[in-house]
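Here is a walk through one structure, residue by residue. Keep the model open while reading.

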Amino acid sequence: MSTFRDYVDTFDTESGYLNWAAFGPLSPSVREEVFADADLLGSGRPSSLSLVAERIGQAQELVAELLDAEADDVTLQPSSTHGLMHALFGLSGDVIASTAEFPSVSLTLERASTASDRTVAPRWITPDDGRVTPDTVIEALDDEVVALAVSHVDFRTGFRVDLAALRESIGADRLLIVDAVQSFGVIDADYSAADVVVGHGYKWLRAGRGSAFAWFSPRARERITPVLSGITGTTAAGLFVDELPAPAPSARAFTVSQPDTLAAGRLAIGVRDVRDAGVDSIEERLAQNVDTVIEIADRHGIEVSSPRERSRRAGIVALAPEEPARLAAALANAGVVVTARGASVRIAPHAGTDAATFELLDDALRAFGNETFISA
């Protein structure tokens with residue numbers, strides 16, 4: 001894969017799929033490589049096992065490249081929640097987070113606060129529409145606050161926080177912990193404002209479950225105790241018995257056991273594909289496709305609760321119809337796959353979403369509007 005056009009051509013999902021914020025069907029290149037790796041693991045030969053194990057380093061290097069960071073500071077995790085656990089369970093002090101955060105952030109912070117002998121405490125904020133802005137954060141600051149935990153992109157509305165502005169608002173002495181699941185690989189962001197970044201490959205990277213990572217900056221490692229450090233996170237060079245080595249001085253301290261090499265391979269290929277296509281090109285096409293969804297919703301009189309400014313959004317469009325359940329049913333009947341939750345219907349295209357999918361959405365909303373008019 002060498003060009004953006006090549007990347008777009010790999011989207012072989014059936015038309016109608018608009019649910020990339022929930023799950024990204026595996027790409028052809030990921031499927032091809034994982035089958036090849038599985039065959040190697042099936043041989044049992046040490047050389048084959050070593051070859052597949054190289055995926056771990058490849059994934060770390062590729063993630064680091066997109067983060068503009070050092071590969072040694074990247075750890076592979078079973079999920080983004082695992083990465084957040086390493087960060088939040090190891091803090092001492094108050095951590096600001098929105099009550100509207102995805103549970104990976106809010107529930108993990110709450111569990112960390114109730115863990116034995118830990119002194120981390122949630123400092124909950126409830127901003128308007130769940131949008132975490134510098135003003136809402138500044139209002140909650142005091143000397144007890146040591147960190148802010150925030151999603152780069154809100155999972156419900158697609159609102160994108162301003163990382164640089166949040167860094168400025170909390171100051172240089174506090175940690176900025178970022179969940180980038182809904183942005184990594186599709187938003188050309190500057191993550192240097194953050195101290196911890198976690199992500200997962202099973203959505204926009206099309207790499208499947210288990211393909212997560214967590215990056216810990218040197219400053220974060222100085223302030224976060226590796227309380228969940230496991231057998232792979234010690235100073236020992238190999239297997240150890242009859243001793244209890246200290247946590248490693250590197251980001252490796254924030255690991256529990258050896259990564260799943262198949263998952264590492266999927267992550268490596270998923271990240272490689274977006275790197276080769278160009279994250280900036282992916283973001284531009286995604287922005288165009290989000291514009292198309294908003295235009296279709298506007299044309300049929302469906303309220304959009306997501307931001308309209310490109311700089312304040314990512315790949316999610318939240319619709320707020322008067323009858324969300326009926327709209328969700330109409331979309332499902334038309335073969336359009338979305339996420340319906342409460343009063344909102346979430347639509348999430350990708351850079352490779354085809355014209356036929358937007359036509360299905362347009363037809364479904366038109367039919368929904370006609371039925372609403374007749375019933376009224």
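A residue is called buried under 20% relative accessible area, exposed over 50%, and partly exposed in between. Asp142 has a relative accessible area of 31%, so Asp142 is partly exposed. Note that the model is a predicted one.

Start with the salt bridges. There are 22 of them. In one, Arg123 pairs with Asp142, and the closest N and O atoms are 3.0 Å apart. Arg123 sits in strand β3, while Asp142 sits in the loop between α6 and β4 (145-151), so this pair ties together parts that are 19 residues apart in sequence.

Another salt bridge joins the side chains of Asp276 and Arg275, at 2.6 Å from N to O. Asp276 is partly exposed at 27% relative accessibility. Arg275 is partly exposed too, with a relative accessible area of 30%.

Now turn to Glu284 and Arg310. Their closest N and O atoms are 3.2 Å apart, in a salt bridge. Glu284 belongs to helix α10 (residues 279-299) and Arg310 to the loop between α10 and β8 (317-319), so the bridge ties together parts 26 residues apart in sequence. Glu284 has a relative accessible area of 37% and is partly exposed. Arg310 is partly exposed, at 37% relative accessibility. The pair is part of a network: salt bridges with shared partners join Glu284, Asp291, Arg310 and Arg313.

Next, the surface. Which residues gather in a patch of negative charge there? They are Asp68, Glu70, Asp72 and Asp190. Asp72 is in the loop between α3 (46-67) and β1 (74-77). Its relative accessible area is 64%, so Asp72 counts as exposed.

Then go inside. Is Leu267 buried or exposed? Leu267 is buried, because its relative accessibility is 1%. Leu267 lies in helix α9 (residues 261-277). Beyond residues up to four places away in sequence, Leu267 touches Ala59, Val63, Leu76, Leu205, Ala207, Ser211, Ala212 and Phe213. Take Ser211: it is 56 residues from Leu267 along the chain, yet their C-alpha atoms are separated by 5.2 Å.

His86 is buried as well, at 3% relative accessibility. Its place is helix α4 (residues 80-89). Setting aside neighbours within four places in sequence, the contacts of His86 include Gln77, Phe216, Ile224 and Phe254.

End at Thr133, in the loop between β3 (120-125) and α6 (134-140). Thr133 is partly exposed, at 26% relative accessibility. Apart from neighbours within four places in sequence, Thr133 contacts Phe159 and Leu166. Ile296 is 163 residues from Thr133 in sequence, and 29 Å away in space, C-alpha to C-alpha.

Note on methods:
Residues numbered from 1 in each chain as written. Predicted model: local features only at pLDDT ≥ 70, side-chain atom pairs only at ≥ 80, totals over all residues. Heavy atoms only, no water. Patch = residues over 30% accessible without salt bridge, like charges linked within 9 Å, V, L, I, M, F, W, Y side chains within 5 Å. Areas by Shrake-Rupley, 256 points an atom, 1.4 Å probe, with all protein chains shown as cover. Salt bridge = Lys/Arg side-chain N within 4 Å of Asp/Glu carboxyl O. Lys, Arg positive; Asp, Glu negative; His and termini not counted. Charge placed at Lys NZ, Arg CZ, Asp CG, Glu CD. Helix = DSSP H or I, 4+ residues; strand = E, 2+ residues; numbered from the N terminus. Buried < 20%, exposed > 50% of the residue type's maximum accessible area, 1.4 Å probe, protein only. Contact = heavy atoms within 4.5 Å.
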